[in-house]
Amino acid sequence: MSDVQSMVTIVAPIHRARIEPLKGQIASLLGNPAGAPFREAVETDPAHRFLHFASLHVLARQDGEDRGHALDSGHLILELSGDGSPAEVLRQLADNVGSLLTPIFEAASDWRPGQTLQSYLEGHQLRIGVGLFDTPGLAFCGTPGQSVVSIHQEHRLARKVGELLADPGHRDLAPLAKLDKVKATLSGDPVFAAILAEEVAPEPAPGAEPSVWTKVKALSPSFVATFLWPLLLVLLPLCLWLVWPETSATSALDAVRRAVLFIAALASTLLVITGAVLLGLYLMFLRQEQRDVPSDRRPDPAELLEMVGRENAYGHVQNHMMSCTVLKPGALRYLSIRLALWAVATLTALNPRRGRLGDIGTIHFARWITIPGTRDFVFFSNFSGSWESYLEDFITKAHAGLTAVWSNTVGFPRTRSLFLDGATDGERFKRYARQSMLHTPFWYCAYPSLTTDNIRANRRIRSGLAWAETEMDAVEWLTLFGSAPRPVEKLETTQIQSLVFGGMKFKPEGLLLVVDLGDAQASNRAWLREVMPLVAFNDGRYEARPAVVSLALGARGLARLGLDAQTVSTFPPAFTQGMHGAGRDRILGDLGANEASQWLWGRDGNDVALLIYGNTAEDVAALTARIEGLSVPMGARIVFRQALTKVGASLSERKEPFGFVDGVSQPAMRGTYRGLRNDDPIHLVEPGEFVLGYPDNRGNVPPGPTMAASGDPAMCLPVAGAAHGMASNAPDNPRLVGYNGSFLVIRQLEQHTDDFRHYCLREGERLKDAFPDLPLMPGPEEMAHYIGAKLIGRWQDGSSLIRNPYIPASAVRERTGRDPGTAASRPESLPAEHAATAISSPDKRADPEVRAIKPDNDFLFGTEDPQGVRCPYGAHVRRANPRESLSPGSQDQIAISNRHRILRVGRGYLGEDGKTTSGLMFMCLNGDLERQFEFVQQTWMGSTKFHGLDAETDPIAGRGLPGGDGFTIPTRRGPVGLKALPQFVTLRGGGYFFLPGRQLLNYLTL
């Protein structure tokens, strides 16, 4: 089988009078699709098939410049796509179907009796290129390196593998075992064993799209070599005349000086003249474009009927297109058609996905040619799918290249600067394409039932059988059957713990267990083997078990379960040092009453955090007792337990101890249920921001913790591949220890509700006259709610101050019946008798449907409240996620803020009475502890200089830090300062943990 593919085009002259009779002769002798005589002749020996596609056309000269010379004003065009060199393709064609083609080419006006078909075809082979003196043309292959024989073999192999995989005996095997069993079965069949014995290269992973700079670096030398070399020949004598002295050199130093001067003069002169020439040509070209007239001529009805009757017919999944147009005259168009073809060819060579024209992957073989001695410009294409889908692909995916080439032809839709507009005028472009097309009297395709996607998938199936060595390789290989390889950004949901998908709110009851393991690694792994079946994976909204576990490990816990010190050291320093580590107190603001020595737990770090979630308190208690029962015999100690608050059925019922609806603003991770239903792109973030091993918001896969291949000889862990900087998924690559995992922050925050309420009441009474914009005269309770809302940045019902600066959205709906989603909440929007009490929380006796509002969260701080008059700069929610507040209206600032988002999964926790919520068991997931949680805690919440403020920290989470105990409420009449805030929240314990993916947990149980 030849790996060389050739696209051969034969152009022969023919008398105009012979055109129509010859069309009929071709159709009857060869046919479209090719008839039995031709097919049998080229397909007799399956092992030596060489022809992919072929078509034969006869047409009159189109450019109208034959000046009455009718004898030779027609063209007979044969296009071939075959395996082997052009000479080999033509030899095999003549040997196999010479008897069918010779009578047709004997009609050519320059056919000489006695010559052979092969010699005639070789003498009329068209050679095309993009250089200044080449015949303009370009050939493209969509399945490079794949012969006709290999395409058919791989198709048969793929069908056989599909049959084997459907066998029930393969159903319960692991992916790699399943692949190995298929390979063993195939090896016992002589036909398939021979196919497997042939060498096949591993399929390369698609690279990243090259940057603009990469493209410029690749294009520049080629552009100079292709188009500017004549200038060098002209300028060389000029530079020599300018620089070289009349007398010969008298010293080596003079020779060097003259050489330097010569090179400098040559370069500068070349640049100046070239720039001036190109600018002048460009301006002239723009003027010509403005004078171009597009053609709205409709296609010939008879020709259209002939073409439509053959498209998508005869059971083919492919179609053929032949278009004949006329190049625009003039020197500028002489250059621009070559420039366009060169740009398409060069950029296609840089495409990281081989066999694609731009983003179009449906083309088998295509070519543009110019018939020598004419301006006739012909396009041939063999493609998968319908003509309509093919053209729509060009319109939407590759219109720039298509426009650049075809805009050089008469009647094309109007363009700008060669590459712009044109094909984007979709309906006019399709009409232009149709009226330029002619039906094909003969067309042959070697595999009419296969699309390019089929061919590529079959090649990957064969390559996988030869090269797959890891479990991950086998998983990817199996997706080729009725699916496609998993994109790197697609979450492996079955490998990710359910906590990542939404805080386990579908299990309303919860409990935190903090566990320290013993020193015996075998006992620790045995303990994990018992707990592992209890862990919930995947989006667990429909989890059937009454209670499940989310399991997270500290750095010490990973070591006690058997990860070697080198592997643990690849985890980020923030994690290995721990929340209690030296220096982290300054970063996190854990000073004074919050310092680690005062904590109830986590002072020295802990091994395991178990979060037990259940349908009922009894379900949680039963699972907890089971874990406790198996822990003691294996040396594991329960060092802390804390019951969590039951999660309310609706968001309006999920309030933290200060009385505010919690969990209003959350990032939506792409690929999750929340990401799919989120309708606001400002909150949509990429999986890699929270889950290791996936692209982040910048499109990069951040480095994660790894293990040397020697630590995982059985390849239980994912193998680092192309997305992680490796050339391939080789077995000796490092293992991805953190893949499908996330870093979990836990902080037990005790909330002093009485202090918060009394402070708000005192400040409300003191400042009752400081806010004249408030409706009428709010009472003490209403003013306290107003002060509290300014500190938090939202009303207690969850509605934002941005959209509801004076009145909570629930109050608007309760008092007026207006939809809170559209309420402006201005003072004049309420009747006077209700305005004074509108600021207070909703009446508990109100209809629950009235109170069940959806808090607004689609606002932008900077755009809608740039001065902080509605929501103060220092408010808790504005610090926690400033959106574009720091640069109003900037999409870049939104992107920066989203790089620091955290995924909160916390719950309230119960006090000693087991009934009252004492505070928040704050928990959040991060892909990078320092960039996300610690950044927010230090740079936004803990900074006294946030957003230009001075002597202020976060009013809720930042108290106790030196230099920041004030709070400013901006108004249109000037700032209103609150008295020093007490510490409303005290940290009682916490730690940094890693939430492992399923594969790491399985590895740790071995």
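This is a predicted model: local features need pLDDT of at least 70, side-chain atom pairs count only at pLDDT 80 or more; totals for chains, interfaces and linings use all residues.
**View 1. Helices α5 and α6 pack against each other.** Here you see α5, running over residues 148–165, against α6, residues 175–187. As for handedness, α5 and α6 cross in a right-handed way.

**View 2. The side of α5 that meets α6.** From α5 come Leu 157, Lys 160, Val 161, Leu 164 and Leu 165, while α6 brings Lys 178, Val 182, Thr 185 and Leu 186. Sort the residues of this contact by type and you get six nonpolar, two charged and one polar.

**View 3. Inside the largest nonpolar core.** This core has 88 residues, and Trp 527, Leu 551 and Leu 610 touch the most other members. Helix α25 (residues 780–792) is the top contributor, giving seven residues. Look at Leu 610: beyond its neighbours within four places in sequence, its contacts include Trp 527, Leu 551, Val 531 and Ile 627. There's also a second, separate core of 49 residues, with Phe 53, Leu 56, Phe 442 and Cys 445 among them.

**View 4. Ala 468, in the loop between α15 and α16.** Ala 468 counts as buried because its relative accessibility is 11%, under the 20% cut-off. Leu 176 is 292 residues away along the chain, yet the C-alpha atoms of Leu 176 and Ala 468 are separated by 8.2 Å.

Terms used:
Residues are numbered from 1 along each chain as its sequence is written. Side-chain values use heavy atoms; hydrogens and water are left out. Axes are lines fitted to C-alpha atoms, for helices over the stretch in contact, and angles run from 0 to 180 degrees between N-to-C directions. Helices (H or I, at least four residues) and strands (E, at least two) are DSSP runs, numbered from the N terminus. A crossing is left-handed if the near helix is turned anticlockwise from the far one by less than a right angle, and right-handed if clockwise. Contact means heavy atoms within 4.5 Å. Ala, Val, Leu, Ile, Met, Phe, Trp, Tyr, Cys and Pro count as nonpolar, Asp, Glu, Lys and Arg as charged, and the others, Gly among them, as polar. A nonpolar core is a set of buried Ala, Val, Leu, Ile, Met, Phe, Trp, Tyr and Cys residues joined through side-chain atoms within 4.5 Å. Buried means under 20% relative accessible area, exposed over 50%, partly exposed in between (1.4 Å probe, protein chains only).
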